[in-house]
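Please consult the sequence and the structure shown below alongside the text.

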Amino acid sequence: MDRNIKLLIAYDGTDFCGWQRQEKQRTVQEVIEKALKKLHGKKLNLTGSGRTDTGVHAVGQTANFYTDMSGIPAERFSHALNSLLPHDVRILESCETDSNFHARFSAKSRLYRYQFICRTKAGFGFCPPLPHENRYNIFLHHFPNIELLNTYGRLILGETDCSIFAGARDASKSKNRYIYSSLFFVEQDRLIFEIRANAFLRSMVRSIAGTFLHYEKRKTPPQELAKIIASGERSLAGTTLPPQGLFLWKVEY
């Protein structure tokens, strides 16, 4: 029987058109499947825990594939694949798992982190970002009210109709998702938005963060925002933020 190999994957999403393979586009799934083909001499299918959008990064993406190769210890697949992968994708771990394990359907929750830098200089206005920071952070011209943002975050906890946060191309039949946590906090010199849910709609995290920051800037009362979210009206959502500060942080099983 073929072995089921589980991978823990990190990637810089800047130069990828997301996770899922697409015709004539560079994607993370396609790049790893090409490495698997070189290793096995035939095409293999790689299953990811979920899609990440164009430009979104990961430090905790999970995937699995089935292999008939018996000569390579499971933990050595990471080394073998890394020798064939480009610099912006790395297999952090590889292990053999239960034959029924499915990276997507076995997942209980996904955790995303959004990184923000709020940099101002007294008397000088906004201080522009350093070049190396552009790929991995969103820049804000003011430091938001974290207490108000976290009050907003509590509005979406539990089973929530997330229609207002769904991207235009999201094809999900149900827009309901179960959100376990939604929290803003400061970590070193970064403002972090961390959100964990059973699953996410297309562009959902980017839309939630953009909506909260949009209404925080206007000092919108939480009860008013609750009504806006409940309306499901996409036109009332804030701007969907750029992808570069967003990371798929962890998938829990």
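How many disulfides does the structure hold? The structure holds zero disulfides, a disulfide being a pair of cysteine sulfur atoms within 2.5 Å. The model is predicted: local features need pLDDT of at least 70, side-chain atom pairs count only at pLDDT 80 or more, and totals for chains, interfaces and linings use all residues. Residues are numbered from 1 along each chain as its sequence is written, and side-chain values use heavy atoms, with hydrogens and water left out.

**Cysteines**

- C95 counts as partly exposed because its relative accessibility is 36%; buried means under 20% relative accessible area, exposed over 50%, and partly exposed in between (1.4 Å probe, protein chains only).
- C162, at 0% relative accessibility, counts as buried.

**Helix pair α4 and α5**

- Helix α4 spans residues 204-217 and helix α5 residues 222-231; helices (H or I, at least four residues) and strands (E, at least two) are DSSP runs numbered from the N terminus.
- The axes of α4 and α5 come within 11 Å and cross at roughly 145°, where axes are lines fitted to C-alpha atoms, for helices over the stretch in contact, and angles run from 0 to 180 degrees between N-to-C directions.
- T211, F212 and Y215 of α4 meet L225, I228 and I229 of α5, contact meaning heavy atoms within 4.5 Å.
- The residues of this contact comprise five nonpolar, one polar and no charged; Ala, Val, Leu, Ile, Met, Phe, Trp, Tyr, Cys and Pro count as nonpolar, Asp, Glu, Lys and Arg as charged, and the others, Gly among them, as polar.

**M204 in helix α4**

- M204 belongs to helix α4 and is buried, with a relative accessible area of 1%.
- Leaving aside neighbours within four places in sequence, M204 is in contact with C162, F165, R177 and I179.
- M204 and A237 lie 33 residues apart in sequence and 11 Å apart in space, C-alpha to C-alpha.

**Two buried threonines**

- T67 is part of strand β3 (residues 57-67) and counts as buried at 1% relative accessibility.
- The side chains of T67 and H40 make a polar contact (2.7 Å); such a contact is a pair of N or O atoms within 3.5 Å, and within protein one must be able to donate a hydrogen and the other to accept it, while residues adjacent in sequence count only if both atoms are side-chain atoms.
- T52 sits in the loop between β2 (47-48) and β3, and at 5% relative accessibility T52 counts as buried.
- The side chain of T52 makes a polar contact with that of Y11 (2.8 Å).
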